[in-house]
Amino acid sequence: MSDLIPPNRNGGRKPSYHKVPVKTKQSAKSSGSKYGMPKKPKLPTPVLVTNILMICVILAICGVVFAITYNNMKYDKADASKGQSSAVSTSGIQSAASSVPQSSAAVQSTAVVSTAESNAVSENSGVQSTPTPAGEYDADYFSDALFIGDSIFTGLYGYSYIDRANVAAAVGYTAYGAQVNPFDESYYSGSAVDYAKSRSPKKIIIMLGTNGLSSQTDMDDFETGYRGLLNNLKKECPDSKICAVSVPPITADSSMASYSGITNTIINSANERIKSLCGELGVLYYDLNSVLKDENGYFSKDYAEADGMHFLGATYPVLLSGVQKILEQQ
Amino acid sequence: MKKKIAALLAAVALCASFTGCKGESGKSGSVVESSSKTAAEKAEALKAAVPFVDADNNEFESRSVTEDQLKDTLGIDSADVTEFAVYICPAGAIPDEFGIFVAKDTDAAKRIESTLTKRKDQRYDSFIKEGYKPKEASKFEDSFVETNGNTVIYAVCGDNSKAKELLK
(Lines give C-alpha, C1' and ligand atoms only; values in the text may rest on other atoms or scores of the structure.)
Protein backbone atom coordinates (compact mmCIF):
# COMPACT_ATOMS: atom_id res chain seq x y z
CA MET A 1 0.00 0.00 0.00
CA SER A 2 2.81 2.24 0.91
CA ASP A 3 4.49 1.36 -2.42
CA LEU A 4 1.48 2.51 -4.29
CA ILE A 5 1.35 5.78 -2.57
CA PRO A 6 4.17 8.18 -3.49
CA PRO A 7 5.92 9.63 -0.52
CA ASN A 8 5.29 13.18 0.35
CA ARG A 9 8.04 15.76 -0.29
CA ASN A 10 8.08 16.39 3.36
CA GLY A 11 8.87 12.87 4.08
CA GLY A 12 5.41 11.44 4.40
CA ARG A 13 4.33 13.71 7.00
CA LYS A 14 0.94 15.16 6.93
CA PRO A 15 1.02 17.88 4.32
CA SER A 16 1.06 21.38 5.73
CA TYR A 17 -1.01 23.92 3.81
CA HIS A 18 -0.49 27.62 3.76
CA LYS A 19 -3.41 29.39 5.11
CA VAL A 20 -5.39 30.67 2.15
CA PRO A 21 -8.42 32.79 2.79
CA VAL A 22 -11.55 31.30 1.58
CA LYS A 23 -13.25 33.44 -1.01
CA THR A 24 -16.78 34.07 -0.17
CA LYS A 25 -19.17 35.61 -2.67
CA GLN A 26 -18.95 38.89 -0.82
CA SER A 27 -15.16 39.07 -0.67
CA ALA A 28 -14.70 38.17 -4.33
CA LYS A 29 -17.01 40.94 -5.38
CA SER A 30 -15.36 43.60 -3.24
CA SER A 31 -11.71 42.67 -3.69
CA GLY A 32 -11.45 44.86 -6.70
CA SER A 33 -8.93 42.85 -8.63
CA LYS A 34 -8.23 39.32 -9.50
CA TYR A 35 -4.52 40.18 -9.43
CA GLY A 36 -4.51 40.70 -5.75
CA MET A 37 -4.82 44.50 -5.76
CA PRO A 38 -5.76 45.98 -2.43
CA LYS A 39 -9.36 46.43 -1.78
CA LYS A 40 -10.71 49.94 -2.39
CA PRO A 41 -12.90 51.34 0.26
CA LYS A 42 -16.38 52.13 -0.93
CA LEU A 43 -17.37 55.84 -0.72
CA PRO A 44 -20.42 56.51 1.28
CA THR A 45 -23.26 57.78 -0.88
CA PRO A 46 -23.46 61.27 0.71
CA VAL A 47 -19.76 61.82 0.00
CA LEU A 48 -20.21 60.69 -3.59
CA VAL A 49 -23.11 63.06 -4.10
CA THR A 50 -21.16 65.93 -2.56
CA ASN A 51 -18.22 65.26 -4.89
CA ILE A 52 -20.43 65.26 -7.96
CA LEU A 53 -22.09 68.45 -6.83
CA MET A 54 -18.76 70.15 -6.28
CA ILE A 55 -17.56 69.19 -9.75
CA CYS A 56 -20.74 70.55 -11.26
CA VAL A 57 -20.44 73.80 -9.33
CA ILE A 58 -16.82 74.21 -10.45
CA LEU A 59 -17.87 73.60 -14.05
CA ALA A 60 -20.60 76.20 -13.74
CA ILE A 61 -18.19 78.74 -12.25
CA CYS A 62 -15.69 78.07 -15.03
CA GLY A 63 -18.41 78.64 -17.60
CA VAL A 64 -19.42 81.95 -16.09
CA VAL A 65 -15.81 83.11 -15.72
CA PHE A 66 -15.06 82.14 -19.32
CA ALA A 67 -18.10 84.00 -20.62
CA ILE A 68 -17.27 87.17 -18.68
CA THR A 69 -13.61 87.08 -19.72
CA TYR A 70 -14.53 86.49 -23.35
CA ASN A 71 -16.98 89.39 -23.33
CA ASN A 72 -14.48 91.74 -21.72
CA MET A 73 -11.81 90.83 -24.25
CA LYS A 74 -14.20 91.41 -27.08
CA TYR A 75 -15.34 94.82 -25.86
CA ASP A 76 -11.77 95.86 -25.10
CA LYS A 77 -10.83 95.01 -28.66
CA ALA A 78 -13.81 96.93 -30.04
CA ASP A 79 -12.95 99.94 -27.89
CA ALA A 80 -9.35 99.83 -29.04
CA SER A 81 -10.29 99.87 -32.69
CA LYS A 82 -12.83 102.60 -32.07
CA GLY A 83 -10.19 104.62 -30.32
CA GLN A 84 -7.83 104.19 -33.21
CA SER A 85 -10.29 105.42 -35.75
CA SER A 86 -11.35 108.41 -33.76
CA ALA A 87 -8.05 109.42 -32.31
CA VAL A 88 -8.22 112.79 -30.67
CA SER A 89 -5.75 115.46 -31.52
CA THR A 90 -3.09 116.46 -29.08
CA SER A 91 -0.62 119.24 -28.98
CA GLY A 92 3.10 118.99 -28.65
CA ILE A 93 5.65 116.87 -30.39
CA GLN A 94 4.28 113.72 -31.92
CA SER A 95 5.84 110.82 -33.67
CA ALA A 96 4.31 109.93 -36.97
CA ALA A 97 4.74 106.32 -36.00
CA SER A 98 1.89 106.78 -33.59
CA SER A 99 -0.12 109.21 -35.64
CA VAL A 100 0.13 107.47 -38.96
CA PRO A 101 -1.87 106.10 -40.49
CA GLN A 102 -4.77 106.04 -38.02
CA SER A 103 -4.60 109.30 -36.19
CA SER A 104 -6.44 112.34 -37.33
CA ALA A 105 -4.38 114.46 -35.02
CA ALA A 106 -2.54 116.42 -37.63
CA VAL A 107 -5.66 117.99 -39.05
CA GLN A 108 -7.05 119.86 -36.13
CA SER A 109 -4.04 120.27 -33.94
CA THR A 110 -1.20 122.68 -33.79
CA ALA A 111 1.07 119.73 -33.33
CA VAL A 112 4.51 119.54 -34.77
CA VAL A 113 4.50 116.10 -36.27
CA SER A 114 7.74 114.28 -36.70
CA THR A 115 8.65 111.15 -38.55
CA ALA A 116 12.22 111.24 -37.32
CA GLU A 117 11.71 108.16 -35.24
CA SER A 118 9.05 106.69 -37.40
CA ASN A 119 8.76 102.97 -37.48
CA ALA A 120 5.30 102.93 -38.96
CA VAL A 121 3.64 99.75 -40.04
CA SER A 122 1.11 99.65 -42.81
CA GLU A 123 -1.65 97.67 -41.22
CA ASN A 124 -2.75 95.56 -44.15
CA SER A 125 0.08 95.70 -46.61
CA GLY A 126 2.47 94.20 -44.13
CA VAL A 127 5.18 96.62 -45.23
CA GLN A 128 7.24 97.90 -42.36
CA SER A 129 9.17 101.06 -42.83
CA THR A 130 12.62 101.77 -41.55
CA PRO A 131 13.32 105.05 -39.81
CA THR A 132 12.52 107.92 -42.15
CA PRO A 133 14.16 111.30 -42.52
CA ALA A 134 12.86 114.02 -40.28
CA GLY A 135 9.41 115.20 -41.34
CA GLU A 136 8.38 117.92 -38.92
CA TYR A 137 5.60 120.23 -39.94
CA ASP A 138 3.04 122.47 -38.36
CA ALA A 139 -0.46 121.35 -39.24
CA ASP A 140 -1.78 124.86 -38.59
CA TYR A 141 0.60 126.22 -41.18
CA PHE A 142 -1.52 124.58 -43.89
CA SER A 143 -4.90 125.75 -42.63
CA ASP A 144 -4.90 128.49 -45.29
CA ALA A 145 -3.41 126.32 -48.01
CA LEU A 146 -4.90 124.51 -50.99
CA PHE A 147 -3.41 121.28 -52.30
CA ILE A 148 -4.08 120.49 -55.94
CA GLY A 149 -3.19 117.00 -57.06
CA ASP A 150 -4.13 113.52 -58.18
CA SER A 151 -5.01 110.37 -56.25
CA ILE A 152 -1.84 110.70 -54.18
CA PHE A 153 -3.09 114.01 -52.79
CA THR A 154 -6.47 112.45 -51.92
CA GLY A 155 -4.43 110.64 -49.28
CA LEU A 156 -3.87 113.98 -47.54
CA TYR A 157 -7.42 113.84 -46.27
CA GLY A 158 -7.73 110.06 -46.60
CA TYR A 159 -5.11 109.81 -43.87
CA SER A 160 -6.47 112.91 -42.12
CA TYR A 161 -3.36 115.05 -42.43
CA ILE A 162 -5.10 117.92 -44.19
CA ASP A 163 -8.72 118.95 -43.99
CA ARG A 164 -10.86 117.91 -46.94
CA ALA A 165 -11.71 121.55 -47.69
CA ASN A 166 -8.03 122.26 -48.33
CA VAL A 167 -7.59 119.62 -50.99
CA ALA A 168 -8.69 119.70 -54.61
CA ALA A 169 -7.55 116.32 -55.82
CA ALA A 170 -8.97 113.50 -57.88
CA VAL A 171 -8.10 110.08 -59.13
CA GLY A 172 -6.49 110.44 -62.55
CA TYR A 173 -6.25 114.23 -62.33
CA THR A 174 -3.81 116.02 -64.64
CA ALA A 175 -2.50 119.58 -64.93
CA TYR A 176 -4.85 120.14 -67.83
CA GLY A 177 -7.78 118.50 -66.05
CA ALA A 178 -7.26 120.69 -63.00
CA GLN A 179 -8.17 123.67 -65.17
CA VAL A 180 -11.33 122.29 -66.74
CA ASN A 181 -12.64 119.20 -64.92
CA PRO A 182 -14.30 118.94 -61.52
CA PHE A 183 -12.19 117.10 -58.98
CA ASP A 184 -15.21 115.79 -57.10
CA GLU A 185 -18.65 116.74 -58.35
CA SER A 186 -20.35 115.69 -55.15
CA TYR A 187 -18.12 118.09 -53.23
CA TYR A 188 -17.62 121.01 -55.60
CA SER A 189 -18.94 121.37 -59.10
CA GLY A 190 -16.04 123.34 -60.60
CA SER A 191 -12.43 122.64 -61.43
CA ALA A 192 -9.50 122.90 -59.04
CA VAL A 193 -8.69 126.35 -60.44
CA ASP A 194 -12.29 127.45 -59.85
CA TYR A 195 -12.07 126.15 -56.32
CA ALA A 196 -8.80 127.99 -55.74
CA LYS A 197 -10.37 131.20 -56.96
CA SER A 198 -13.33 130.75 -54.63
CA ARG A 199 -11.14 130.17 -51.60
CA SER A 200 -8.24 132.56 -52.24
CA PRO A 201 -5.75 130.42 -50.31
CA LYS A 202 -2.51 131.97 -49.10
CA LYS A 203 -0.58 128.94 -50.28
CA ILE A 204 -1.18 126.65 -53.21
CA ILE A 205 0.69 123.37 -53.46
CA ILE A 206 0.55 121.42 -56.71
CA MET A 207 1.65 117.86 -57.33
CA LEU A 208 0.49 116.63 -60.72
CA GLY A 209 2.03 114.80 -63.62
CA THR A 210 2.04 111.10 -62.81
CA ASN A 211 -1.17 110.58 -64.77
CA GLY A 212 -0.63 110.86 -68.48
CA LEU A 213 3.11 110.28 -68.37
CA SER A 214 4.23 107.36 -70.52
CA SER A 215 6.65 106.57 -73.28
CA GLN A 216 4.13 108.15 -75.66
CA THR A 217 4.01 111.45 -73.82
CA ASP A 218 5.05 114.52 -75.75
CA MET A 219 6.98 116.55 -73.17
CA ASP A 220 6.07 119.78 -74.91
CA ASP A 221 2.39 118.95 -74.48
CA PHE A 222 3.07 118.04 -70.88
CA GLU A 223 4.78 121.38 -70.29
CA THR A 224 1.97 123.26 -72.04
CA GLY A 225 -0.59 121.72 -69.71
CA TYR A 226 1.47 122.52 -66.65
CA ARG A 227 2.21 126.05 -67.82
CA GLY A 228 -1.49 126.66 -68.34
CA LEU A 229 -2.27 125.55 -64.80
CA LEU A 230 0.41 127.76 -63.23
CA ASN A 231 -0.61 130.78 -65.28
CA ASN A 232 -4.27 130.27 -64.43
CA LEU A 233 -3.54 130.01 -60.74
CA LYS A 234 -1.30 133.09 -60.80
CA LYS A 235 -4.06 134.96 -62.54
CA GLU A 236 -6.93 133.81 -60.31
CA CYS A 237 -4.99 133.84 -57.04
CA PRO A 238 -2.44 136.63 -57.41
CA ASP A 239 -1.73 136.83 -53.67
CA SER A 240 -1.09 133.13 -53.20
CA LYS A 241 2.32 131.59 -52.79
CA ILE A 242 2.49 128.73 -55.25
CA CYS A 243 4.73 125.71 -54.81
CA ALA A 244 5.02 122.97 -57.43
CA VAL A 245 6.13 119.59 -56.11
CA SER A 246 8.08 117.27 -58.39
CA VAL A 247 6.46 114.12 -59.75
CA PRO A 248 7.33 111.34 -57.26
CA PRO A 249 9.35 108.32 -58.39
CA ILE A 250 8.18 104.74 -58.86
CA THR A 251 9.58 101.56 -57.35
CA ALA A 252 11.70 99.15 -59.37
CA ASP A 253 8.83 96.66 -59.52
CA SER A 254 5.86 99.00 -59.62
CA SER A 255 2.85 97.13 -61.02
CA MET A 256 1.07 100.40 -61.66
CA ALA A 257 4.02 101.74 -63.64
CA SER A 258 4.31 98.60 -65.73
CA TYR A 259 0.68 99.03 -66.70
CA SER A 260 0.81 102.73 -67.50
CA GLY A 261 4.22 102.63 -69.19
CA ILE A 262 5.74 105.27 -66.95
CA THR A 263 9.42 105.03 -65.98
CA ASN A 264 11.72 106.99 -63.69
CA THR A 265 13.54 108.30 -66.75
CA ILE A 266 10.31 109.78 -68.06
CA ILE A 267 9.51 111.17 -64.62
CA ASN A 268 12.92 112.79 -64.40
CA SER A 269 12.40 114.46 -67.78
CA ALA A 270 9.03 115.75 -66.67
CA ASN A 271 10.51 117.10 -63.46
CA GLU A 272 13.19 118.97 -65.40
CA ARG A 273 10.44 120.65 -67.36
CA ILE A 274 8.49 121.54 -64.22
CA LYS A 275 11.58 122.90 -62.49
CA SER A 276 12.48 125.02 -65.48
CA LEU A 277 8.93 126.28 -65.78
CA CYS A 278 8.82 127.25 -62.10
CA GLY A 279 12.02 129.26 -62.52
CA GLU A 280 10.57 130.99 -65.55
CA LEU A 281 7.21 131.85 -63.91
CA GLY A 282 8.54 132.66 -60.45
CA VAL A 283 6.89 129.69 -58.78
CA LEU A 284 8.48 127.72 -55.94
CA TYR A 285 9.67 124.21 -56.68
CA TYR A 286 10.11 121.38 -54.19
CA ASP A 287 12.12 118.33 -55.27
CA LEU A 288 10.29 115.66 -53.29
CA ASN A 289 11.33 113.10 -55.90
CA SER A 290 14.94 113.12 -54.70
CA VAL A 291 13.87 112.77 -51.07
CA LEU A 292 11.78 109.68 -51.76
CA LYS A 293 14.35 107.83 -53.87
CA ASP A 294 16.48 104.99 -52.54
CA GLU A 295 20.18 104.55 -53.25
CA ASN A 296 19.36 102.93 -56.62
CA GLY A 297 17.21 105.79 -57.84
CA TYR A 298 13.83 104.10 -57.31
CA PHE A 299 10.92 105.02 -55.09
CA SER A 300 12.00 103.74 -51.68
CA LYS A 301 9.75 101.01 -50.37
CA ASP A 302 9.86 102.78 -47.03
CA TYR A 303 7.55 105.35 -48.58
CA ALA A 304 5.69 103.48 -51.32
CA GLU A 305 2.33 101.76 -51.16
CA ALA A 306 1.95 98.23 -52.53
CA ASP A 307 1.60 99.35 -56.15
CA GLY A 308 4.95 101.15 -56.08
CA MET A 309 3.43 104.50 -56.98
CA HIS A 310 1.10 105.75 -54.25
CA PHE A 311 2.17 106.92 -50.81
CA LEU A 312 2.11 105.13 -47.51
CA GLY A 313 0.50 107.15 -44.75
CA ALA A 314 3.90 107.84 -43.19
CA THR A 315 5.12 109.51 -46.39
CA TYR A 316 2.82 112.52 -46.14
CA PRO A 317 4.63 114.17 -43.24
CA VAL A 318 7.80 114.06 -45.33
CA LEU A 319 5.98 115.87 -48.12
CA LEU A 320 4.42 118.43 -45.77
CA SER A 321 7.68 119.06 -43.96
CA GLY A 322 9.55 119.75 -47.18
CA VAL A 323 6.82 121.98 -48.58
CA GLN A 324 6.62 124.01 -45.37
CA LYS A 325 10.38 124.60 -45.43
CA ILE A 326 10.27 125.77 -49.04
CA LEU A 327 7.33 128.10 -48.44
CA GLU A 328 8.86 129.53 -45.29
CA GLN A 329 12.03 130.42 -47.11
CA GLN A 330 10.11 132.96 -49.16
CA MET B 1 -33.17 57.87 -4.71
CA LYS B 2 -29.92 59.54 -3.71
CA LYS B 3 -28.40 58.63 -7.05
CA LYS B 4 -31.29 60.21 -8.86
CA ILE B 5 -30.98 63.39 -6.87
CA ALA B 6 -27.24 63.53 -7.54
CA ALA B 7 -27.76 63.00 -11.26
CA LEU B 8 -30.45 65.68 -11.33
CA LEU B 9 -28.25 68.19 -9.53
CA ALA B 10 -25.36 67.41 -11.85
CA ALA B 11 -27.56 68.01 -14.88
CA VAL B 12 -28.77 71.32 -13.46
CA ALA B 13 -25.19 72.45 -12.75
CA LEU B 14 -24.11 71.49 -16.26
CA CYS B 15 -26.96 73.49 -17.77
CA ALA B 16 -25.94 76.46 -15.63
CA SER B 17 -22.38 76.26 -16.95
CA PHE B 18 -23.58 76.31 -20.55
CA THR B 19 -25.86 79.24 -19.80
CA GLY B 20 -22.81 81.14 -18.54
CA CYS B 21 -21.13 80.67 -21.91
CA LYS B 22 -23.89 82.56 -23.64
CA GLY B 23 -22.67 85.81 -22.19
CA GLU B 24 -24.43 89.01 -21.35
CA SER B 25 -27.75 89.34 -23.08
CA GLY B 26 -26.35 87.37 -26.01
CA LYS B 27 -24.25 90.34 -27.23
CA SER B 28 -21.18 88.33 -27.93
CA GLY B 29 -19.77 84.89 -27.91
CA SER B 30 -20.11 81.99 -30.23
CA VAL B 31 -23.87 81.87 -30.06
CA VAL B 32 -24.39 85.44 -31.32
CA GLU B 33 -26.18 85.59 -34.63
CA SER B 34 -25.02 87.90 -37.44
CA SER B 35 -28.12 90.08 -37.25
CA SER B 36 -27.41 91.01 -33.63
CA LYS B 37 -23.90 92.32 -34.39
CA THR B 38 -23.20 96.02 -34.41
CA ALA B 39 -22.28 97.88 -37.60
CA ALA B 40 -18.68 98.07 -36.44
CA GLU B 41 -18.52 94.34 -35.77
CA LYS B 42 -19.95 93.50 -39.19
CA ALA B 43 -17.58 95.86 -40.98
CA GLU B 44 -14.61 94.58 -39.04
CA ALA B 45 -15.52 91.01 -39.95
CA LEU B 46 -15.69 92.00 -43.61
CA LYS B 47 -12.39 93.84 -43.39
CA ALA B 48 -10.77 90.65 -42.11
CA ALA B 49 -12.48 88.43 -44.68
CA VAL B 50 -11.98 90.57 -47.78
CA PRO B 51 -8.74 92.57 -47.70
CA PHE B 52 -8.18 95.46 -50.10
CA VAL B 53 -6.20 93.82 -52.89
CA ASP B 54 -5.74 95.05 -56.44
CA ALA B 55 -5.76 93.02 -59.65
CA ASP B 56 -2.00 92.53 -59.32
CA ASN B 57 -2.46 91.06 -55.84
CA ASN B 58 -0.99 94.06 -54.06
CA GLU B 59 -2.60 94.54 -50.67
CA PHE B 60 -3.45 98.06 -49.56
CA GLU B 61 -4.25 99.57 -46.24
CA SER B 62 -7.89 100.04 -45.33
CA ARG B 63 -8.96 102.71 -42.90
CA SER B 64 -12.16 103.40 -41.02
CA VAL B 65 -13.93 106.69 -41.58
CA THR B 66 -14.70 108.67 -38.43
CA GLU B 67 -17.85 110.65 -37.79
CA ASP B 68 -15.93 113.89 -38.38
CA GLN B 69 -14.91 112.67 -41.83
CA LEU B 70 -18.27 111.31 -42.89
CA LYS B 71 -19.49 114.45 -44.61
CA ASP B 72 -16.21 115.36 -46.29
CA THR B 73 -15.26 111.86 -47.34
CA LEU B 74 -18.60 110.39 -48.38
CA GLY B 75 -20.92 113.38 -48.49
CA ILE B 76 -23.18 111.87 -45.82
CA ASP B 77 -24.59 114.07 -43.09
CA SER B 78 -23.76 112.53 -39.71
CA ALA B 79 -27.11 113.81 -38.39
CA ASP B 80 -28.79 111.27 -40.69
CA VAL B 81 -26.93 108.39 -39.10
CA THR B 82 -27.37 106.71 -35.72
CA GLU B 83 -24.71 104.07 -36.28
CA PHE B 84 -22.24 103.41 -39.05
CA ALA B 85 -18.97 101.78 -40.03
CA VAL B 86 -17.09 102.49 -43.26
CA TYR B 87 -13.71 101.38 -44.57
CA ILE B 88 -11.91 103.10 -47.45
CA CYS B 89 -8.52 102.86 -49.14
CA PRO B 90 -6.92 106.10 -47.91
CA ALA B 91 -4.09 106.00 -50.45
CA GLY B 92 -6.58 106.50 -53.27
CA ALA B 93 -4.96 103.70 -55.24
CA ILE B 94 -7.90 101.31 -55.61
CA PRO B 95 -11.69 101.77 -55.60
CA ASP B 96 -12.28 99.37 -52.70
CA GLU B 97 -14.57 100.52 -49.91
CA PHE B 98 -17.60 99.30 -48.03
CA GLY B 99 -19.89 100.39 -45.26
CA ILE B 100 -23.04 99.97 -43.24
CA PHE B 101 -25.27 102.79 -42.03
CA VAL B 102 -28.21 102.74 -39.67
CA ALA B 103 -30.20 105.84 -40.57
CA LYS B 104 -32.35 107.80 -38.15
CA ASP B 105 -35.42 107.19 -40.34
CA THR B 106 -36.44 105.98 -43.76
CA ASP B 107 -36.03 109.41 -45.38
CA ALA B 108 -32.48 109.62 -44.09
CA ALA B 109 -31.86 106.10 -45.39
CA LYS B 110 -33.02 107.21 -48.84
CA ARG B 111 -30.64 110.17 -48.77
CA ILE B 112 -27.75 107.95 -47.76
CA GLU B 113 -28.57 105.43 -50.48
CA SER B 114 -28.74 108.17 -53.09
CA THR B 115 -25.42 109.69 -52.00
CA LEU B 116 -23.65 106.34 -52.00
CA THR B 117 -25.05 105.37 -55.39
CA LYS B 118 -23.83 108.64 -56.87
CA ARG B 119 -20.43 108.17 -55.27
CA LYS B 120 -20.15 104.63 -56.59
CA ASP B 121 -20.99 105.80 -60.12
CA GLN B 122 -18.45 108.62 -59.92
CA ARG B 123 -15.75 106.27 -58.77
CA TYR B 124 -16.58 103.89 -61.59
CA ASP B 125 -16.08 106.75 -64.02
CA SER B 126 -12.78 107.78 -62.42
CA PHE B 127 -11.23 104.37 -61.97
CA ILE B 128 -12.61 102.45 -64.93
CA LYS B 129 -14.30 104.59 -67.57
CA GLU B 130 -11.56 107.21 -67.69
CA GLY B 131 -8.92 104.50 -67.75
CA TYR B 132 -7.18 105.05 -64.44
CA LYS B 133 -7.30 101.42 -63.31
CA PRO B 134 -9.45 99.40 -65.72
CA LYS B 135 -8.09 96.17 -64.27
CA GLU B 136 -10.26 96.86 -61.21
CA ALA B 137 -13.47 96.79 -63.28
CA SER B 138 -14.66 93.46 -61.88
CA LYS B 139 -15.07 95.06 -58.45
CA PHE B 140 -17.89 97.20 -59.83
CA GLU B 141 -19.71 94.39 -61.62
CA ASP B 142 -21.60 93.08 -58.59
CA SER B 143 -21.03 96.08 -56.34
CA PHE B 144 -24.15 97.21 -54.51
CA VAL B 145 -25.97 99.85 -52.50
CA GLU B 146 -28.93 98.29 -50.71
CA THR B 147 -31.46 99.57 -48.24
CA ASN B 148 -33.45 97.46 -45.84
CA GLY B 149 -35.63 99.54 -43.55
CA ASN B 150 -33.34 102.11 -41.99
CA THR B 151 -30.17 100.20 -42.78
CA VAL B 152 -28.08 100.94 -45.86
CA ILE B 153 -25.16 98.75 -46.89
CA TYR B 154 -22.77 99.17 -49.80
CA ALA B 155 -19.56 97.67 -51.09
CA VAL B 156 -17.10 97.87 -53.94
CA CYS B 157 -14.47 95.25 -53.25
CA GLY B 158 -12.91 91.99 -54.38
CA ASP B 159 -15.77 89.80 -53.10
CA ASN B 160 -19.01 91.73 -53.12
CA SER B 161 -21.21 88.69 -52.46
CA LYS B 162 -19.24 87.99 -49.31
CA ALA B 163 -19.55 91.64 -48.40
CA LYS B 164 -23.32 91.49 -48.75
CA GLU B 165 -23.47 88.34 -46.66
CA LEU B 166 -21.42 89.84 -43.83
CA LEU B 167 -22.96 93.31 -43.83
CA LYS B 168 -26.58 92.12 -43.76
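Over which residues of chain A does pLDDT stay under 50, and how many contacts beyond four places in sequence does the model have for them?

## Confidence first

That would be residues 1-37 of chain A, with ten such contacts. Here pLDDT is the predictor's confidence in each residue, from 0 to 100, and a contact means two C-beta atoms, placed from the backbone, within 7 Å. Residues 74-133 of chain A also sit below 50, but that stretch has 132 contacts beyond near neighbours in sequence. Chain A as a whole has a mean pLDDT of 74, with 65% of its residues at 70 or more.

This is a predicted model: local features need pLDDT of at least 70, side-chain atom pairs count only at pLDDT 80 or more, and totals for chains, interfaces and linings use all residues. Residues are numbered from 1 along each chain as its sequence is written, while chains are lettered from A and ligands numbered from 1 in the order in which they are written.

## The sheet in chain A

Five strands of chain A make an open, parallel sheet, ordered 5-4-8-9-10. Strand 5 (167-169) and strand 10 (284-286) are its edges, each pairing on one side only. Strands are DSSP runs of E, at least two residues, numbered from the N terminus; a pair needs at least two DSSP bridges.

Strand 4 (residues 145-149) and strand 8 (residues 203-207) of chain A run parallel, joined by five bridges. A:L146 in chain A has A:I204 as its bridge partner in strand 8.

## Around A:I148

Skipping residues up to four places away in sequence, A:I148 touches A:A168, A:A169, A:A178, A:A192, A:I204, A:I206 and A:L208.

Methods
Helices (H or I, at least four residues) and strands (E, at least two) are DSSP runs, numbered from the N terminus.
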